[in-house]
Amino acid sequence: MMGGVLSDDSSTREYLWKYMEEWLETFAELGITTAVAHPDDAYFSESELAFKIENLLKYADFLGKVAQKYNMKIAVETLWEKGQLFTKIEELEYFKKNLPRENVGFCFDTGHVFGTSDNRCWKNPQKHLEDVFMLIKDNIYNFHVHDTDVNSDKHLPLGEGSIDFERFFSLIKNMQPDFPITIEISPRHISGKINSLNIDEALDNLYKTFWKFIDG
């Protein structure tokens with residue numbers, strides 16, 4: 001995540017994109033096959049969003065071109081807060097229709113999609129989660145999995161928020177992903193206050209919960 005990569009100023013974009021190119025080269029040296037990229041960490045007005053998503057397509061094309069040299073994929077992450085790109089399903093749909101390269105797709109973040117600030121999600125957030133998944137499933141190259149509640153990004157352990165993971169993981173099983181799924185949990189939410197005495201137990205419980213859903 002880096003603010004400014006979609007800047008209107010070309011010199012700023014050029015500097016930051018070069019910086020990201022160096023990161024991709026480092027990732028390749030480490031054997032990483034998929035790099036996850038946030039669209040930007042900035043917040044935009046409604047009038048800016050259409051222009052910014054065009055900049056995002058150019059940015060994704062640049063990252064994809066660099067990554068292609070290393071047989072790497074770029075997964076642009078779904079975000080959730082109002083004013084950020086990809087909080088609305090229309091933006092995801094537009095990006096999907098205009099994907100610049102075959103190695104550019106999405107990182108599906110369960111908490112971000114479920115907790116999105118798009119108020120159309122609030123009526124039925126589980127359906128929204130599944131609708132977004134079905135829309136972009138053929139172009140998902142990475143998952144960030146964590147639990148949350150509506151209009152929030154709590155990064156809770158699975159089963160401690162409002163997401164029905166049994167239903168959601170049934171969709172993932174049908175998809176048969178061939179890439180790692182990252183369980184993305186905030187340390188402050190694992191078994192209360194995390195410390196050296198409870199970390200092993202907390203992670204063990206998290207592992208068991210995850211496989212309970214996957215194994216059905």
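**Exercise 1. Which side chain does the side chain of Ser152 make a polar contact with?**

Before you start: this is a predicted model, where local features need pLDDT of at least 70, side-chain atom pairs count only at pLDDT 80 or more, and totals for chains, interfaces and linings use all residues. Residues are numbered from 1 along each chain as its sequence is written, and side-chain values use heavy atoms, with hydrogens and water left out.

*Solution.* 
- Step 1: find Ser152 in the loop between S4 and helix H6 (165-175). Helices (H or I, at least four residues) and strands (E, at least two) are DSSP runs, numbered from the N terminus.
- Step 2: look for polar partners. A polar contact is a pair of N or O atoms within 3.5 Å; within protein, one must be able to donate a hydrogen and the other to accept it, and residues adjacent in sequence count only if both atoms are side-chain atoms. The partner is the side chain of Thr148, at 2.8 Å.
- Step 3: check the backbone too. The Ser152 side chain also reaches the backbone oxygen of Asp149, at 2.6 Å.
- Step 4: Not counting residues up to four places away in sequence, Ser152 touches Trp80, Gly111 and Gly115.
- Step 5: check burial. Buried means under 20% relative accessible area, exposed over 50%, and partly exposed in between (1.4 Å probe, protein chains only). Ser152 has 10% relative accessibility, so it counts as buried.

**Exercise 2. Work out how the strands of the open sheet are arranged.**

*Solution.* 
- Step 1: read off the order. Five strands line up as S1-S2-S3-S4-S5, with parallel pairing. Two strands pair if DSSP finds at least two bridges between them.
- Step 2: find the edges. Strand S1 (34-37) and strand S5 (181-183) each pair on one side only.
- Step 3: Ignoring direction, neighbouring strands are turned by 25° against each other on average.
- Step 4: zoom in on one pair. Strand S3 (residues 104-109) and strand S4 (residues 140-145) run parallel and are joined by four bridges. Asp109 stands opposite His144 in S4.
- Step 5: H2 lies across S1, strand S2 (73-77) and S3, at about 150° to S2. Axes are lines fitted to C-alpha atoms, for helices over the stretch in contact, and angles run from 0 to 180 degrees between N-to-C directions.

**Exercise 3. Which residues touch the most other members of the largest nonpolar core?**

*Solution.* 
- Step 1: define it. A nonpolar core is a set of buried Ala, Val, Leu, Ile, Met, Phe, Trp, Tyr and Cys residues joined through side-chain atoms within 4.5 Å.
- Step 2: list them. Of the 51 residues in this core, Phe86, Phe95, Phe108, Phe143, Leu158, Phe168 and Phe169 touch the most other members. Helix H2 (residues 46-68) gives the most to the core, with nine residues.
- Step 3: follow one. Leaving aside neighbours within four places in sequence, Phe169 is in contact with Val145, Leu158, Phe210, Phe213 and Ile214.

Terms used
Contact means heavy atoms within 4.5 Å.
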